[in-house]
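Please open the model in your viewer and keep the selection tool at hand. Each stop below says what to select and what you will find there.

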Amino acid sequence: MSLKHLNVLIVDDNDMMRSLLRGILRNGGHNVIGEASNAPTAIEMANRLKPDIVCLDIVMPGEMDGLEALVEIKKDRTQTQVVMITGNADQDTVQEAINNGASGFIVKPFNAARVLDTLEIIMKKRGT
């Protein structure tokens with residue numbers, strides 16, 4: 001698989017954030033194969049669509065946040081890379097996400113270069 005054709009699942013409760021990410025990823029040559037606005041939908045979609053990368057917001061409404069979704073996604077899909085997206089990159093949150101299998105972080109507000117660079121670094125580490 002080439003770096004330019006990653007299948008990405010976007011998970012964020014904010015419509016504008018999903019739209020912004022969708023535009024950045026498509027302009028970067030990636031395939032946005034699905035979008036979810038909450039953690040339970042994200043887990044179901046990750047298992048069904050089998051994305052290469054999940055861009056996963058940490059803070060979402062409902063009974064499950066992005067960190068809990070990360071654990072569930074990685075439990076069933078160890079090869080899926082998960083990039084956490086957050087406006088609150090405090091050390092405890094970052095450490096918890098890394099301990100649970102997150103591949104990287106994108107801190108809001110972000111720009112296109114930061115998003116695409118983060119994905120490229122993750123995929124290079126993975127060897128694709």
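Begin by selecting Phe-110, which, leaving aside its neighbours within four places in sequence, is in contact (heavy atoms within 4.5 Å) with Met-17, Leu-20, Leu-21, Ile-24, Ile-85 and Val-115. This is a predicted model, in which local features need pLDDT of at least 70 and side-chain atom pairs count only at pLDDT 80 or more, while totals for chains, interfaces and linings use all residues. Residues are numbered from 1 along each chain as its sequence is written, and side-chain values use heavy atoms, with hydrogens and water left out.

Phe-110 sits in the loop between strand E5 (104-107) and helix H5 (112-126); helices (H or I, at least four residues) and strands (E, at least two) are DSSP runs, numbered from the N terminus. With a relative accessible area of 11%, Phe-110 is buried, a word that means under 20% relative accessible area with a 1.4 Å probe, protein chains only.

Next, select helix H3 (residues 66-76), where Gly-66, Leu-67, Ala-69, Leu-70, Ile-73 and Lys-74 are buried. Seen down the axis of H3, these residues fall within an arc of 150° (taken from the directions from the helix axis to the C-beta atoms), so they line one face of the helix. They pack against helix H2 (39-49), strand E3 (53-57), strand E4 (81-86) and helix H4 (91-99).

Finally, select Leu-56, whose contacts, leaving aside neighbours within four places in sequence, include Gly-66, Ala-69 and Leu-70.

Technical notes: Buried means under 20% relative accessible area, exposed over 50%, partly exposed in between (1.4 Å probe, protein chains only).
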